[in-house]
Every structure is written in C-alpha cells, then in structure tokens.
Amino acid sequence: MEIMEKAPAKINLGLDVLKKREEDGYHELEMVMASVDLADKLLIKEIPQNQIVVRTNATFLPVDEKNNVYQALSLVKEKYGITKGVSVDIKKNVPVAAGLGGGSSDAAAALRGINRLWKLGLTKKELCEIGFEVGTDVPYCVHGTTAFVTGRGEFVEELPPMPQCWVILVKPQFSVSTKKIFANLKMEGMEHPDIDKLRESIVEQDYEKMVAYVGNAMEKATMERRPIVRDIKDRMIKYGADAALMSGSGPTVFGLCQNYSRAKRIYNGLRGFCKEVHIVRTIK
Ligand SMILES: C[C@](O)(CO)[C@H](O)COP(=O)(O)OP(=O)(O)OC[C@H]1O[C@@H](n2ccc(N)nc2=O)[C@H](O)[C@@H]1O
Ligand SMILES: Nc1ncnc2c1ncn2[C@@H]1O[C@H](COP(=O)(O)OP(=O)(O)OP(=O)(O)O)[C@@H](O)[C@H]1O
C-alpha cells in the first residue's frame, strides 16, 4: 500500500513576538496562520527492511536525520516501538528556507501519512506533540487550516478558513536563517501587529478588515538585513495588492488580492524583478 499526502506552504497573516523566554531563549509568539495551494507531495510506502528512506527531487536537501520527515518518522518509530520500515519520496514544490514552512509541512504530512499507513489511530493532538519535537510550525501544519497559534508554536486553535483570495508569493534569490533572525531580534522598539483584530476579522469573515490588520513583528529585522524584502513589499502595493507582508522570518513576501486580473498584474510585475513568483489560492 502507498499513501499520498500533500504538504502545503503556510503564510503568517499575523506574527507577533511577545517576549524572549528566560528559561530556554525561545520566543513567545502569537500568530494567525493559513495554508495556500502550493504544496509538496509525499509518497509514503512500507519497505521490507527496518529503515527510514527519504528521497527527494530537491537534490540539495539532506535525506538523513537532518530531514524533517526523517526526524518525524523516527520519533514515531521510537515512541511506539515500531520495527517496520518506510520510504518517503518528497516532490518539493515549496521554496526552501523561505518562510513558507515547507520542511515543517513535510514533517506534518509524513505524520498524517504514517498514521494512515500503519493504522496507528493517533489523534491530531498526539501528532502535534510529536511534530513539535521536530519544529515550531509542525503542530500548525498538522492542522493545516487557518489557525491562531500561540506559545512557542504548540498551541493551535483552528479558525474558519481565511476569506478567499489570490496570494502572490515572491521569494528572493537568497535564504534567511530563522535562528539568526530570532537571535538578533530587538524587543525594544518592535512594532506589534494587532493580532486580536486580525483574528476577529477571520472569525467575522471580513476581508477588508483582515487586510487592514495583517502584520509581522519580524519584518523590520529581516528588512534591515535584506532591504530587497521591503522593495518587493512596496512593489506589490504599487501594483495593486490589498496587503503585502513578509511570511515568517522571510524572505518570501506575499500579496493578497481578490480580483484575478489585478493578481495577474502583480504577478507579471514582480516576475520581471524576481525569478521565483507564484500565484496561488488560499485553501478552503
Ligand atoms: C518564524 C516562523 O516561521 C513562524 O511561522 C516559525 O516559528 C519558524 O519555524 P521553524 O523554522 O520551524 O523554526 P524552528 O526550527 O522551530 O526554530 C528555529 C530557531 O528559531 C528560534 N525560535 C523559534 C521559534 C520560537 N518560538 N522562538 C525562537 O526563538 C530558535 O532559536 C530556534 O532554534
Ligand atoms: N523536508 C524538508 N524540506 C525543506 N527543508 C528541509 C527539509 N528537511 C530539512 N530541511 C532543512 O530545513 C531548513 C529550513 O527549511 P524550510 O523550507 O522548512 O524553512 P522555512 O520555510 O523558512 O520554514 P519556517 O517558515 O518554518 O521558518 C533548510 O535549510 C533545509 O535544509
């Protein structure tokens, strides 16, 4: 038997950093997250030998214990004393180290998939707990719906799907280290988005209110290191996006727009400026 699982990219409609925790140096976050229909595809199969085999078309990615999928499956095998083997082929479509949570989404998809393949009967909560050992965004990705996420990323409250729209994703030609951005983050003078209002806008299904309240407290830090991120954001607004924002710790910037011809205009405008541009939909 083989299982196919999609691993969609996430965007942070809102990301606030509340404080740096004394005890472990991690940051306390408040986020509103949503998924879009740009996705990796995982093909998961049982194999006769007691091993985890990861393969991917993205040849630069690790396929050993550094791969998030490997880590997630290894935790499941260890935790439940499973001596069966599994192979996973990852067809990578989500840009890597981009702020789009590709690796986290792959890990979550592997957890959902192995739960089905081996009929483990694990609840979402159990999958989230295992996933959280792999990375901050994995619990969110296990849910995959629009959600309000708090703590270090472990508390996920599902929200109604964000108001439908086109999402233009622009990934500049460099990557950003989440660890470095967090390490250099200055809490003093940080601009905090109004996450309550943003969350409210989604509950109320109010697109205009949502675009007014998107915001990312990490944007400034990444833009200081990489001014092109601000440039992309400004261009998106100039070409007619209702809102434009950096996702996660960047460097991908996304633009939101309900009108398709305007979305196309933004897409075409940015394609002349950056190589990697996608026009996608939100997930219902
Ligand atoms: C910023 C986001 O993109 C928002 O969606 C994610 O939280 C980042 O998720 P990620 O890349 O999977 O991050 P992780 O691998 O969990 O963490 C990378 C590093 O970021 C820092 N980190 C991460 C999450 C958090 N709440 N506080 C932190 O300070 C830690 O130094 C950590 O070692
Ligand atoms: N399955 C995977 N897919 C992508 N990257 C992976 C995977 N497994 C391990 N990695 C490593 O994780 C790092 C971050 O990749 P990823 O695409 O998840 O970052 P990201 O989009 O910035 O995530 P986030 O938004 O959660 O910060 C890469 O440097 C990559 O080598």
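The centres of domain 1 and domain 2, taken over C-alpha atoms, are separated by 23 Å in this predicted model. Domain 1 covers residues 2-158 and domain 2 covers residues 166-281, with bounds that come from an automatic or database domain assignment. Residues are numbered from 1 along each chain as its sequence is written, while chains are lettered from A and ligands numbered from 1 in the order in which they are written. Because the model is predicted, local features need pLDDT of at least 70 and side-chain atom pairs count only at pLDDT 80 or more, whereas totals for chains, interfaces and linings use all residues.

Across the boundary, 23 residues of domain 1 are in contact with 32 residues of domain 2, where contact requires C-beta atoms, placed from the backbone, to lie within 7 Å. On the side of domain 1 that touches domain 2, strands S1 (2-20) and S2 (27-47) each supply at least two residues, and S1 gives the most, with nine residues; strands are DSSP runs of E with at least two residues, numbered from the N terminus. The table sorts this side by class.

| Class | Members of the class | Residues on this side |
|---|---|---|
| nonpolar | Ala, Val, Leu, Ile, Met, Phe, Trp, Tyr, Cys, Pro | 12 residues |
| polar | the others, Gly among them | six residues |

The largest nonpolar core has 78 residues, and Ala110, Leu111 and Ile168 have the most contacts inside it. Such a core is a set of buried Ala, Val, Leu, Ile, Met, Phe, Trp, Tyr and Cys residues joined through C-beta atoms within 7 Å, and buried means that 20 or more other C-beta atoms lie within 10 Å of the residue's own. S2 gives the most to this core, with nine residues, and the core draws at least three residues from each of domain 1 and domain 2. Not counting residues up to four places away in sequence, Ala110 touches Leu42, Ile44, Val69, Ala72, Leu73 and Val88.

How values were computed
Contact = placed C-beta atoms within 7 Å. Helix = DSSP H or I, 4+ residues; strand = E, 2+ residues; numbered from the N terminus. Buried ≥ 20, exposed ≤ 12 C-beta atoms within 10 Å, placed from the backbone.
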